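Please open the structure in a viewer and keep the selection tool at hand.

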Amino acid sequence: MRPRSLLAGLLLVLIVAVPPGAAGAQTDDVQAAFDEIMGEAYAAFRSAHWNARTGDAGSAAADMATFADLWQTLRATYGDAPPPVYAGDQAWQETLRRIADINAESRTLAEAGNATDAFQSIARLRAVFSRLRARNGVFGYSDHVNACIDAIDLLSPYRNWDQPLSETDWRVMSEHAARIRERFRVLADAAPQSLAPRIDFRRALDDNHGALDQLQAALSDRHERAAKQAIRDLRSAIGLFFLRFG
């Protein structure tokens with residue numbers, strides 16, 4: 001068989017061996033398998049984030065150990081062969097390594113009983129994961145949750161404000177509250193079909209709306225103590241939402 005005939009024969013064999021649509025199905029399977037382990041790892045991270053934030057260093061350390069095991073498996077499986085949506089990411093391996101390093105640093109702090117510093121350390125992962133998704137055109141429900149957290153965090157300086165609030169302060173807080181209201185609307189509208197009907201999900205949304213309602217009432221009444229407490233309640237509500245659904 002001449003070279004061109006041999007090549008044509010090989011191509012024919014490949015076409016027969018890989019039926020139309022099979023390659024696409026294999027790609028979907030790879031992505032689905034990656035999404036599953038990434039979801040498990042991200043859930044462990046969220047639990048570590050919550051436990052460190054609430055001062056439970058022991059539980060945070062256990063969550064970080066779980067994350068480390070899952071992340072090791074993910075790196076071993078996909079470090080040299082990224083799933084399709086991340087295949088073009090030039091910083092893929094470096095990002096996987098950085099995530100592992102941050103978790104290890106955070107775990108050391110948590111195991112030493114230092115929940116405050118462990119939280120400050122592990123909290124960096126939220127931004128790392130967010131940037132990874134953003135630069136690869138991946139936008140999921142976690143990003144809607146992150147947008148709410150970021151909007152609420154703009155109110156953080158007022159939680160322990162020790163000076164009388166000025167007219168500018170009241171105006172700025174009211175503007176932030178309006179933006180948070182819009183973020184909550186998007187958060188509800190974008191809920192995945194697997195979450196939207198769940199009672200615990202609806203209640204968590206209601207808890208966030210309730211805290212925001214309290215804040216807007218306090219802003220309307222110019223009640224400083226109530227406003228500060230509502231901001232704390234709002235941050236706690238979105239933090240719990242992040243733990244469960246983010």
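**Aromatic pairs**

The count comes to 16 aromatic pairs, where rings of Phe, Tyr and Trp (its six-membered ring) pair if their centres lie within 6.5 Å, and planes under 30 degrees apart count as stacked, over 60 as edge-to-face and the rest as tilted. This is a predicted model, in which local features need pLDDT of at least 70 and side-chain atom pairs count only at pLDDT 80 or more, while totals for chains, interfaces and linings use all residues. Residues are numbered from 1 along each chain as its sequence is written, and side-chain values use heavy atoms, with hydrogens and water left out.

Select F34 and Y78. Their ring centres are 5.2 Å apart and their planes stand at 85°, so this pair is edge-to-face. F34 belongs to helix 2 (residues 22–53) and Y78 to helix 3 (residues 57–78), so the pair ties together parts that are 44 residues apart in sequence. Helices here are DSSP runs (H or I, at least four residues), numbered from the N terminus. F34 and Y78 are both buried, that is, under 20% relative accessible area with a 1.4 Å probe, protein chains only (exposed is over 50%, partly exposed in between).

Next, select F45 and F129. With ring centres 5.8 Å apart and planes at 45°, the pair is tilted. F45 lies in helix 2 and F129 in helix 6 (residues 124–135), so the pair joins parts that are 84 residues apart in sequence. F45 is buried, with a relative accessible area of 1%, and F129 also counts as buried, at 1%.

**The nonpolar core**

Which residues have the most contacts inside the largest nonpolar core? They are F67, W71, F129, F184, L215, L234 and F241, in a core of 64 residues. Such a core is a set of buried Ala, Val, Leu, Ile, Met, Phe, Trp, Tyr and Cys residues joined through side-chain atoms within 4.5 Å.

Select F241. Leaving aside neighbours within four places in sequence, F241 is in contact (heavy atoms within 4.5 Å) with residues including Y141, V145, L187 and F201.

**Helix 7**

Finally, select residues 141–153, which form helix 7. Eleven of the 13 residues of helix 7 are buried, among them Y141 and V145.

Definitions and conventions. Helix = DSSP H or I, 4+ residues; strand = E, 2+ residues; numbered from the N terminus. Expected span 1.5 Å × (residues − 1).
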